[in-house]
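Here are a few notes to go through with the model open in your viewer.

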Amino acid sequence: MELQSRAPEGPIETSWMRHRQAIRLVNPANKRKYHVIVVGTGLAGASASATLAQLGYNVSAFCFQDSPRRAHSIAAQGGINAAKNYQNDGDSIYRLFYDTVKGGDFRARERNVYRLAQISVDIIDQCVAQGVPFAREYGGLLSNRSFGGALVSRTFYARGQTGQQLLIGAYQALSEQIALGKVKMHPRTELLDVVVVDGHAKGIITRDLVTGAIRRHVADAVVLATGGYGNVFYLSTNAKGCNVTATWRAYKRGAGFANPCFTQIHPTCIPVFGDHQSKLTLMSESLRNDGRVWVPKRVGDIRPANQIPEEERDYYLERMYPTFGNLVPRDVASRAAKRMCDEGHTVVNGGLGVFLDFREAIQRLGRKVVDDRYGNLFEMYERITGESPFETPMKIYPAIHYTMGGLWVDYNLMSTVNGLYVIGEANFSDHGANRLGASALMQGLADGYFVLPYTIGDYLATQKAGGASVDHAAFADAEREVKARIDRLVSTRGKTSADTFHREVGQLVWDKCGMARTREGLREAIAKIPEIRERFWRDVSVPGSGATTNQALERAGRVADFLEFAEVMCRDALEREESCGGHFREEYQTPDGEALRDDVAFAHSAVWAYDGPDRPAVRHTEQLQFDYVKPSQRSYK
Amino acid sequence: MKVNVRVWRQSGPDAQGAFEDFSGVDVLPDMSFLEMLDVINVKLEASGSEPVCFDSDCREGICGSCGAVVNGEAHGPGTRSTLCQVHMRSFKDGDTITVEPFRAKAFPVIRDLMVDRSAFDKIIQAGGFITARTGSAPEANAAPIGKQVADEAFDAATCIGCGACVAACPNASAMLFVSAKVSHLGMLPQGQPQRLARVEDMVAAMDAAGFGACSNHGECEAACPKGISLKFIARLNQDLVQAAFTRRS
């Protein structure tokens, strides 16, 4: 597998500008002859579809939801980073770049990250022009807040609904292009395969989720904006529909899958209760601006929070990391919470959790200000738990939230398959081994509005418009395979729902490949997953047929892919013999329990290549080069 | 606790529907309403029967996918909540719970509780946007927007497009949905150039999609999980009148 990053050499400050100068352009009159497929309509997919259509390309956009407005980007709460330096607190493009590379624990490609920081400022302008109602000061100018892993206030926000507002902005831009006929929208449609014709991605096979119809779609290039794979853990903060199917199908057609073991645990989620829970709910990281995290000093102290006196509380983040305090990055905060609970300081009776307390903030700022900042989050917490954070501290615990790994892409965001582009969370770029808060929205929109629309031209300029046809044998083969798989699922007629298998594999990877990983545990998981997979194909029950609306079939198809993907994720975690960012191997830690990287052996991205159904995936590497931010042990102390 | 659940089952848009009873469903008070349906579905699937079809995605009250009429109320008991945020503690042991799809001419049933709300997308396509070509935006702080205006626009912008307003309205009107978008964009300075065309085009699209007229019942506001205010409908009407007098012949 050839892994050429194609990132330009020379001074990093001008590399994106020079690259744009160097790549091929498609003549405006010719753009309308090209057809691009975009799968997914979250921030990355919707912004890319809208922008490509504005440029003149014809776009077919797909989403499995009933409307493009519902993609999971909508659930992002806290904010979006941009190096505007409106707060005059010393922010700059370089500082955002530096924070992101360091926050990612030196496992991201420097030049991609620098470009992201440069583009961040344009995103805010674009979104404001669309009518995104960012928070403002009384004077009418935009407001900012702080987020984990940064010492400046560079996060733009829209109450606790930033993702929703940004997505609605992109969705509206997309809707305008749909009305103009430049985008053909296919909602309730799921990608089931990517079609590769003579080494180039030229189409997809889809299933209409209402009628069950299997269809072929041809184009000159294919863009995947299909999000992350956090639901492999079953319980995560992802939406129920989030899945790995699109990226996994692409992987099986030749796209390398990079760093699948880099998964992010979000430190502030509502703790798990009972056995029936279907998903976990995140409480925005922005809460750590004013909330203080603590546990009782005494092990087994289960008194209500308000009865525990100040001197018996351990504000452990402030104690362990005085410089960043409650605003340490997510991986650090998550592991600290796990350690406190492992040592017996949990505040959840019969479960795991720590307190996030607003008492001091309410005293300092007044209830009104706290309500303005976090009101809707407090309301959401109260709705789920029945307790008001104004009266008693929140209980929180880490949960799977985001996946840094994804399909490998070069500087142009093209995967290892020609003409197959991957944007947003679905790709592996920019965040390394750990993503900083408020950077996912930034990356999704950077890719969709400002990177892909330029770089895809470089590929299209080499292609004859409309060169491929749905009559090509590759389409027929892919369609046959898709249909055979559906037939197999609906004809197994076993006794167990797909959800039950999903919970089982999810619990296994959470235990063995979650917040802390060991060689032994990973080997156990790798041995166990094929066994669950075998049982799945023997005993899964998918009632009904493929020729109609069938949610059991949708779930089963996605679980089948998770059951294959989970194994590669665990192998990646096993072979990466170091700790970095969200990947914490217990064998590799400093005496005080911090992640211990190995920059000699592992300063690379691991890229997994499919090698046929009967052979294990093959691990390749892309060496990372650090010319600007020299790898050092991350310290937030 | 145990509850009895009566769920609307309908195999397709043109099929005859009927209630199916699931009695003695075992639930925990902290379970969400949709998790209660999951429990029913896992059992149905394991026994080879087709599960109850319903839309849901984020399950944290923001994506707008879920929704059903529960005991006569859109999104079920409680105020300002989507169905996914309703918990079984809102019911009592032994309760019978009736679950039906959102019903409106413009929202045809696809299957069971799943309805087709694509009419909402068509309304947005008709004018629910500010034209701003990517790359052409001015510096974000170039035009200050007073906090009060920004906040009010935000209140309108919080609409999640779930359709509860339509389901709750005796006329199946989409006025609250349309007025929220018209107000969000129409209050902001960026939205002024297209303000009057927007309101006319969106209202025309709403009528064409088969939604009813607004007759000020106010049920929409009561059902809205985001608390979108009726005042936005008044605002829409002002814009509509202004458009009628000043635009086109």
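How much space lies in the second largest cavity? About 590 Å³. Bear in mind that this is a predicted model, where local features need pLDDT of at least 70, side-chain atom pairs count only at pLDDT 80 or more, and totals for chains, interfaces and linings use all residues. Residues are numbered from 1 along each chain as its sequence is written, chains are lettered from A and ligands numbered from 1 in the order written, and side-chain values use heavy atoms, without hydrogens or water.

1. **Cavities.** The whole structure has 18 cavities of 30 Å³ or more. A cavity here is a set of points, on a 1 Å grid over the protein atoms alone, where a 1.4 Å probe fits but cannot get out; its volume is the space filled by probe spheres set on the points.

2. **Who lines the second largest one.** It has 36 lining residues (an atom within 4 Å of a point). Closest to the centre are A:Lys240, A:Gly241, A:Arg555, A:Arg558 and B:Ser56. By type, the lining splits into 11 nonpolar, 12 polar and 13 charged residues, with Asp, Glu, Lys and Arg as charged, Ala, Val, Leu, Ile, Met, Phe, Trp, Tyr, Cys and Pro as nonpolar, and the others, Gly among them, as polar.

3. **Which helices contribute.** Helix 16 of chain A gives the largest share of that lining, six residues. Helix 14 (498–513) of chain A and helix 1 (33–46) of chain B each supply at least two. Helices are DSSP runs of H or I, at least four residues, and strands are runs of E, at least two, numbered from the N terminus.

4. A:Arg558, from point 2, has its charged end over the ring of A:Phe64, 4.9 Å from the centre. The rule is NZ of Lys or CZ of Arg within 6 Å of the ring centre and within 35 degrees of the ring normal.

5. **Aromatic pairs.** A:Tyr86 and A:Phe156 are edge-to-face, at 5.7 Å and 75°. They sit 70 residues apart, A:Phe156 being in strand 4 (residues 155–156) of chain A.

Methods: Rings of Phe, Tyr and Trp (its six-membered ring) pair if their centres lie within 6.5 Å; planes under 30 degrees apart count as stacked, over 60 as edge-to-face and the rest as tilted. On a 1 Å grid over the protein atoms alone, a cavity is a set of points where a 1.4 Å probe fits but cannot get out, and a pocket is an open set with protein on both sides within 12 Å along at least five of seven lines; lining residues have an atom within 4 Å of a point.
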